[in-house]
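This report is a guide to selected details of one protein model. Please keep the sequence and the 3D view open while reading.

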Amino acid sequence: MVRVIFEGHSLNTEVINSNLSPSWNVSISSEPIKFTQYGDVIEKSPMYAVIQLCHVKIKTDGLIEDVIAFAVINLKGIEITTRSTLDWIDIVDSSEEIAKICVAVEIIKGSNELTKTVNGLNVPLLNHIQPKLHNYRYFEKKYNTLPDDNFEEDENDFNWWTKYYGFKYQKNNMQKNKHNIISAFSKIPCKFLPFCTCCRDQSNKIYLAKRYSKIKPLTIYDKELEFIPEFGKFEDNIRKFKFYGLKGDHKKPKTIAILKGNIHLYRNSVSNDEQSVSRSKEFYFSGKESQFWPRLKLNAKCNIIVRVYILRAHNLHPKDINGLSDPYIKILFGECYNISDQKNRIPKSLNPLFGRCYEKEVSLPECSILKIKVMDYDRFKKDELIGETIIDIEARYFSKHRAHCGLPKQYNKDGYNRWRDCESPSQILHKLCLFHTLKPPIYTENSVIIGTKIFNNGGKNIKADRQSLALNVLNHWQDMPVIGYHLVPEHVETRTLFNPKIPNIHQGTLEMWVDMFSKNDNLPEIVDVKPPIVENYELRVIIWSVTDVKLIDDDYFTGEKHSDIYIKGWLPSTEKQSTDIHYRSLNGEGLFNWRFKFLFLYNKIENIIVQKIKNIFSIDGEEQKFLPRLHLQIWDNDHLSPDSYIGFLTLDLWNMPRGTKSSWRCTTSEKVPRINLFKVKKTRGWWPFISTENNINSIVGKVDAEIQIMTKLEADKSPVGFGRDKPQPLSVPKRPSIKYLKSIMEPFKFMISNVFVANKTKCIYIVIIFSILLFFMLFIYSIPGYLITNMCFN
């Protein structure tokens, strides 16, 4: 209720029950008041209109009105003919602003514009100060059940590692499990799909599959390239023949040498003419007919450029006493060259991420064997071998499967999927046709014709460029009749590491690939496989308020339910932070205005939080990885027993449900739009706290929070404090007074702050007098015993 006091008159509005944002939309007028010499009086002695905001309580003996706050309006200078307009005025309580009221005050001379209503002095608003209404259209956006990323990925942010991680979640690989996941969702009776832990992981898998569906695909083999059946160990041109021998007293033969070569038998007419024999030699060893050993020149050295891309290792065998290793790469090209990358070792890791490229010019067949070693660095002793793998680069280079440089699925001139071969797809296709004595390919708008075979552009009717059409033919060369075979695609192979001292026991795996180019070719740029950059980020979370919180405690005397609410929050790799306590919430509401700040290292490409842990036993820290998830928990504070847990809220920052604008809309419906906080940067809304009891989920509270993420550079330009501290401090919330509870909850602190501090001098006098009295009482008490003791001895 609002009361207006003016010149001895008191006017009241109607009472609006249970509302923190009441709206009256009425005008109230006083009885006609006569003013003498109005103009002089108002200039010398201005009049005031006092507006009081009252809280009405209903008891058995009648109404009780408590004045919450008031506002004073100075009527000096208001012209009688002036029409007032609505304006917001501050409502003040003890010089502190607690609310605003929209009001207009007028002094009307001799006007009959206002008329009384049947109920009293409340009349409709005047026409010139009535709010103007406008017509608007309302559009409702429907969201899919599955998570929906509303932000397109910017390809400028992509790099080679995007393709690497995209392969693991690409749409084709997820298609088999997608129907199972969706059907599983339809069978789960859980209504908490965006927030429940068991459902959130499955939801994120579908989200990631959709996110990476537009990434250019990359093939990652889970074994060595030689063991892929389509390539036949690359022995189509050069085969290996083992020579066995017996050493010492061993009865079983052992391999003592390997001969590289090949044998072909061809039909030839029997003739004694030497000229015919020379012609047959020319037929087999010169010109086009040398296709039986393509690109192989007799007794001639072949100089090539070898690029070895080492990506990462998995599950390495530990070599240090702490159960970890300090791995680095060492490469040997036959017995001629070696490369040691000790300075770029990865400390304290069994799953190191290398992201390195090593380039060397070698000659075949002298350096035909490539040996890659993973070494463990030791500071005070000789480095140890963790494991090694051996690749025959000569067999790959001369193979018809083109293992020297893989073919991507799509052709791009630039960007993260840039073409990386020294020859264009059309040049490669043209050479293949000449090699197999086929007519040159014929290009149409969306297909390529070679002989009687037509290669369509993936069934698409869109017009493609010449290079894309040629690349499509190369990727489907195995469909060519009679002469077709598989060409090696752009790939990453996973090679198993072995240690010669411990044969036949795996020492881990290594992800890598090898590119080889002729020295005379125009070398393409090296693919940038440097590990993704880890950036410093800061997450700011402001907890404004909570509502509908489950009440835990019971009042000892009245049995009334209440809770002492506070909230904990943390990110993986950061310390937990807590708000202050909102004591004695009777309706499940709590006000905080409290800010959390979390600093963390974020890998954007891999979508992980990186934490480096240092200890006294190692100079280099151990690296741990976590998903970027914000954890919030709501607790009830207890003084004589452990605090009571109420519920939790976990938000995946890269795929979080969007908060609702009001608490009553805050539900756990599946139809919740998703946002990527790393894209939107800032969001605010209501989210529900969930509690799980006996495998049953329920909402135990709702939180109004503001979440903002920024880089460390952006955070330094706009610093903020923890909690409500400066800079950019938050206001202290207006909570119900709990002074009467302090004597019960914190008796010693209450006595010190309200008794001893306020009466320090008197307390000192009382302590001194009490000490003197205690001394005399003890003296008098001990005199009889002292006298009896002396009498007995005397």
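The sections below treat the basis of the model, its cysteines, its aromatic rings and its backbone.

## Basis of the description

The model is predicted; local features need pLDDT of at least 70, side-chain atom pairs count only at pLDDT 80 or more, and totals for chains, interfaces and linings use all residues. Residues are numbered from 1 along each chain as its sequence is written, and side-chain values use heavy atoms, with hydrogens and water left out.

## Cysteines

A disulfide is defined as a pair of cysteine sulfur atoms within 2.5 Å. By this rule, the count is 0 disulfides. C405 takes part in none, since the nearest cysteine sulfur, that of C422, lies 7.3 Å away.

Burial is judged by relative accessible area: under 20% is buried, over 50% is exposed, and values in between are partly exposed (1.4 Å probe, protein chains only). C405 counts as buried because its relative accessibility is 0%. C54, at 5%, is likewise buried.

## Aromatic rings

A pair of aromatic rings is described by the distance of the centres and the angle of the planes. Rings of Phe, Tyr and Trp (its six-membered ring) pair if their centres lie within 6.5 Å; planes under 30 degrees apart are stacked, over 60 edge-to-face, and the rest tilted. The structure holds 16 aromatic pairs. In one of them, Y309 and W513 are stacked because their ring centres are 4.2 Å apart and their planes meet at 15°. This pair links distant parts of the chain, as Y309 belongs to strand 12 (residues 302-314) and W513 to strand 22 (residues 502-518), 204 residues apart. Helices (H or I, at least four residues) and strands (E, at least two) are DSSP runs, numbered from the N terminus.

Y309 is buried at 0% relative accessible area, and W513 is buried at 1%. Together with W160, W161 and Y164, these two residues form one aromatic cluster.

## Backbone features

Most residues other than glycine have a negative phi, and most peptide bonds are trans. A cis peptide bond, with omega about 10°, joins L364 and P365. P365 lies in the loop between strand 15 (353-364) and strand 16 (369-376). The bond from K726 to P727 is also cis, with omega near -5°.

K348, which is not a glycine, has a positive phi of about 50°; its relative accessible area of 14% makes K348 buried. R402 has a positive phi near 55° and is found in the loop between helix 6 (393-397) and helix 7 (425-435).
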